[in-house]
Amino acid sequence: GGRCGLGMTFKLSASTGMLHVKRVKEGGAAERVGIHAGDVILTLDGQALQNMEKKALSRLMLGPGGSAVEVGMQRKDATRVERVTLIRGDGMVESEASWRSEAPPMRGNDKVGLGLTFVRPDEHPGVVIKRVKEGGAAEATRLVVPGDRVMQIDATPLQGVRSRDCTSLVMGFPGSTAVLQVQKLDGSMTEVTVVRGSGERGSGGLRSEPSLDFSVAGE
């Protein structure tokens, strides 16, 4: 068949650059997976949509009928990031695990980090970025620098979190995304979507990097 969309229309927030669902087509792909007007679409196939131009957005949205697209989204008034797989045209849902199959080939189940190391946590919420790995996933966003404070990863607050728990939030399969709430040095807050393994060259991106070089006393 021809090229199909995802069964929803959008409006772009002028203040945040985020993509809000304006209308969901009855019987379309989006409706079948429970997407509603007011939900925020963060990523399509791992690509962050914030501030994306309309032409590039259309290219991502449209595809052959029956093709799958992985959607990263936040429900209206919720903070948790969900991932759903839409099938263009007929609205069937695939299991959530299927989105991983499009990740770059990897040895075994190697997980990768975000290309960040952190300073040992202090009494304040969040953890401070100590180093941004050159050529790593976080550097590819060009949105984070050493000294920034990561307040949340995928809507999980980093307050009093143990290094082991933090590692499980940071590590993931190449091609998967993590949404970071970041407090900049000037106190402003920004949301950054990092695609694990992006910006990496060759197999270097597939090593499990020690993303957290702090250890919490008493563990």
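For sorting lining residues, I count Ala, Val, Leu, Ile, Met, Phe, Trp, Tyr, Cys and Pro as nonpolar, Asp, Glu, Lys and Arg as charged, and the others, Gly among them, as polar. The model is predicted, so I note that local features need pLDDT of at least 70 and side-chain atom pairs pLDDT 80 or more, while totals for chains, interfaces and linings use all residues. Residues are numbered from 1 along each chain as its sequence is written, and side-chain values use heavy atoms, with hydrogens and water left out.

Entry one, the residue. I find Ser 13 in the loop between strand S2 (8-12) and strand S3 (19-24), strands being DSSP runs of E with at least two residues. Ser 13 has a relative accessible area of 15% and is therefore buried (under 20%, with a 1.4 Å probe and protein chains only). Its side chain makes polar contacts with the side chains of Ser 15, at 3.2 Å, and Thr 16, at 3.0 Å (N or O pairs within 3.5 Å, one able to donate a hydrogen and the other to accept it). Beyond four places in sequence, Ser 13 is in contact with Met 18 and His 20 (heavy atoms within 4.5 Å).

My search of the whole structure turned up one cavity of 30 Å³ or more, a cavity being a set of points on a 1 Å grid where a 1.4 Å probe fits but cannot get out, with lining residues having an atom within 4 Å of a point. Met 18, Leu 42, Ala 48, Leu 49, Gln 50, Glu 191 and Thr 193 line the largest cavity, and by class I record four nonpolar, two polar and one charged.

Conventions: Helix = DSSP H or I, 4+ residues; strand = E, 2+ residues; numbered from the N terminus. Buried < 20%, exposed > 50% of the residue type's maximum accessible area, 1.4 Å probe, protein only. 1 Å grid on protein atoms, 1.4 Å probe; cavity = no way out; pocket = protein on both sides within 12 Å on 5 of 7 lines; lining within 4 Å. Points joined across faces, edges and corners; volume = space filled by probe spheres on them.
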